[in-house]
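Please open the structure in a viewer and keep the selection tool at hand.

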Amino acid sequence: MLGTDLQQEAERQIVICNACRYCEGICAVFPALQMQRSFVAGDIDYFANLCHDCGACYHDCQFSPPHEFAINLPKTLAGVRQESYGRYAWPAALAPVFARNGLVFAVIAALSVTAFLAGMIMWNAPGALFSAHTAPEGFYALMSHNAMVGLFGPVFLFSIFAMMMGLRNFWRDANAMRSVSGEAPASLWQAVKDAGSLRYLDGGGAGCFNEDDKPEDKRRLYHHLTFYGFLLCFAATSVGTIYHYGFGRMAPYAWWDLPQMLGTVGGFMLAAGTGGLMAAKKRRLPDLVDEGTKGMAMAFLLMLHLTAVTGLGLHILGGTPAMGLLLAVHLGVVFALFLTMPYGKFVHGLYRFAALVRLAMAKRVGLKTKVAA
């Protein structure tokens, strides 16, 4: 059964699209829905997270508004996609808080933790917040490594666990009624290639539609910068952790050392990518925008952007009187990012990857069936 009004509207449009099939070469959604003739709620969530929101089908569709069929699949699936973040969130009780006030909650959390950390630094060492720090231990002179791990470790681990539970819930529904399990390793690898190249954000080859009916590839570039910039920053933190616990090499590290190089390059990429995506969202063609999704999306991009910018600022201005306040702001933003990840736009990457895996499995099952026949 289809539970929400948006899911029912999405089904109405998908049935028409499945009969028309004009857009079958644009992205992954149309080949996926053409594999079946009836749909349940899990299928609609699967299609919604498979959609890369390129907008090409809206501009190509002969039934888009003002036609009486009023087909606007990108906007409708964007709404379903946002609903799915709350539907599969764990624990479910926290999801409505973030869904209604995602941006406000993220900003308040960041400011609250920043104020707490700044106060803690000033309490332990009056005047230290606005003093130059040139000690060998760098910003750890203001807040020890163990204190950071004790404060941020539990929140990070909870966030990872909550996201894995949400992913399990999504996969259970998306794969429930028409279970597929075709060659898991090969399907996983195909999904990795599709996700890593953003294969389906090219509008079928012409590019992504953003502010008008002229396709271009900037959103794809911004997504690449954001995704790979985030991975480099994560790699920098991971290498630093290995250095610290595996080899007893304590931060801060020289500019040419691997954690610093990965973090600096990743930080610039992440800042540029998220900045570009926020600007692109403001220019987005209104016909393609679901107003209910804007707050959560902007909260996610803003937290990522501020994480990159404050991290770069901490790297560049370390040793100056600005370091103490920058450290408090950076850690406050990171804390807010960790806290909101399981309940916001961050999980769309996980659900989209799972949807790509399911599509690859379904294609392999279908191909085997044809060959056997």
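**A tour of rings and cores**

Begin by selecting Tyr-88 and Phe-170, both of which are buried; buried means under 20% relative accessible area, exposed over 50%, and partly exposed in between, with a 1.4 Å probe and protein chains only. The model is predicted, so local features need pLDDT of at least 70 and side-chain atom pairs count only at pLDDT 80 or more, while totals for chains, interfaces and linings use all residues. Residues are numbered from 1 along each chain as its sequence is written, and side-chain values use heavy atoms, with hydrogens and water left out.

Now display the aromatic rings. The whole structure holds 15 aromatic pairs. Rings of Phe, Tyr and Trp (its six-membered ring) pair if their centres lie within 6.5 Å; planes under 30 degrees apart count as stacked, over 60 as edge-to-face and the rest as tilted. The ring centres of Tyr-88 and Phe-170 are 5.6 Å apart and the planes stand at 85°, so this pair is edge-to-face. Tyr-88 lies in the loop between helix 5 (73-87) and helix 6 (95-100), whereas Phe-170 belongs to helix 8 (residues 145-174), 82 residues apart. Helices are DSSP runs (H or I, at least four residues), numbered from the N terminus, as are strands (E, at least two).

Next, select Phe-156 and Phe-338. How far apart are the centres of these rings? The distance is 5.1 Å, and the planes meet at 55°, so the pair is tilted. Phe-156 is in helix 8 and Phe-338 in helix 13 (residues 323-340), 182 residues apart. Phe-156 counts as partly exposed, at 26% relative accessibility, while Phe-338 is buried, at 17%.

Move to Leu-270, in helix 11 (residues 258-283). Leu-270 counts as buried because its relative accessibility is 2%. Beyond residues up to four places away in sequence, Leu-270 touches several residues, including Leu-225, Phe-230 and Leu-304; contact means heavy atoms within 4.5 Å.

Finally, turn to the largest nonpolar core, which has 88 residues; Phe-47 is among those with the most contacts inside it. Such a core is a set of buried Ala, Val, Leu, Ile, Met, Phe, Trp, Tyr and Cys residues joined through side-chain atoms within 4.5 Å. Helix 13 supplies the largest share of this core, 11 residues. A second, separate core of six residues includes Ala-236, Ala-251, Tyr-253 and Leu-262.
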